[in-house]
Amino acid sequence: MRRSDPTMHVTPSDEEIVTVIARHLSEHLDPPAAAPITAETRLIDDLALDSLFTLEMVAALEDHYHLNLRIETLQDVKTVGDVARVVARAFAADRMDGQR
């Protein structure tokens, strides 16, 4: 995992990441979500995301946070909050690697 932007040194909170995910989903879902997207929103059951859309969302998060997320870290995610926690952990791990 490598961050190319050295100015991004503060790990974003789960809530901040959820906001980024919700914004991305709101801009790209068709049809739009029936309810506001929150940390508890389920990717499949509530949003009917398929694997391609999920990969596109992950790619957008990688671009936004300048991270490379390993796909196996996302295998068990079920909610927007789960994705946010994976991103936060990857960000923190990348930051720790950069300090060594």
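## D45 and its salt bridges

D45 is exposed, with a relative accessible area of 58%; exposed means over 50%, buried under 20% and partly exposed in between, using a 1.4 Å probe and protein chains only. D45 forms a salt bridge with R42, with 3.6 Å between the closest N and O atoms. A salt bridge here is a side-chain nitrogen of Lys or Arg within 4 Å of a carboxyl oxygen of Asp or Glu.

R42 is partly exposed at 37% and also pairs with D46, at 2.7 Å between the closest N and O atoms. D46 is partly exposed, at 38% relative accessibility. The structure holds four salt bridges.

## Basis of the model

This is a predicted model in which local features need pLDDT of at least 70 and side-chain atom pairs count only at pLDDT 80 or more, while totals for chains, interfaces and linings use all residues. Residues are numbered from 1 along each chain as its sequence is written, and side-chain values use heavy atoms, without hydrogens and water.

## Helices and core

The protein has three helices and zero strands; both are DSSP runs, numbered from the N terminus (helices: H or I, at least four residues; strands: E, at least two). Within helix α3, R85 and D82 lie three residues apart, about one turn, and their side chains form a salt bridge (2.6 Å, N to O).

The largest nonpolar core has 28 residues, of which I21, L25, L61, Y65, V83 and V87 touch the most other members. Such a core is a set of buried Ala, Val, Leu, Ile, Met, Phe, Trp, Tyr and Cys residues joined through side-chain atoms within 4.5 Å. Helix α3 gives the largest share, eight residues.
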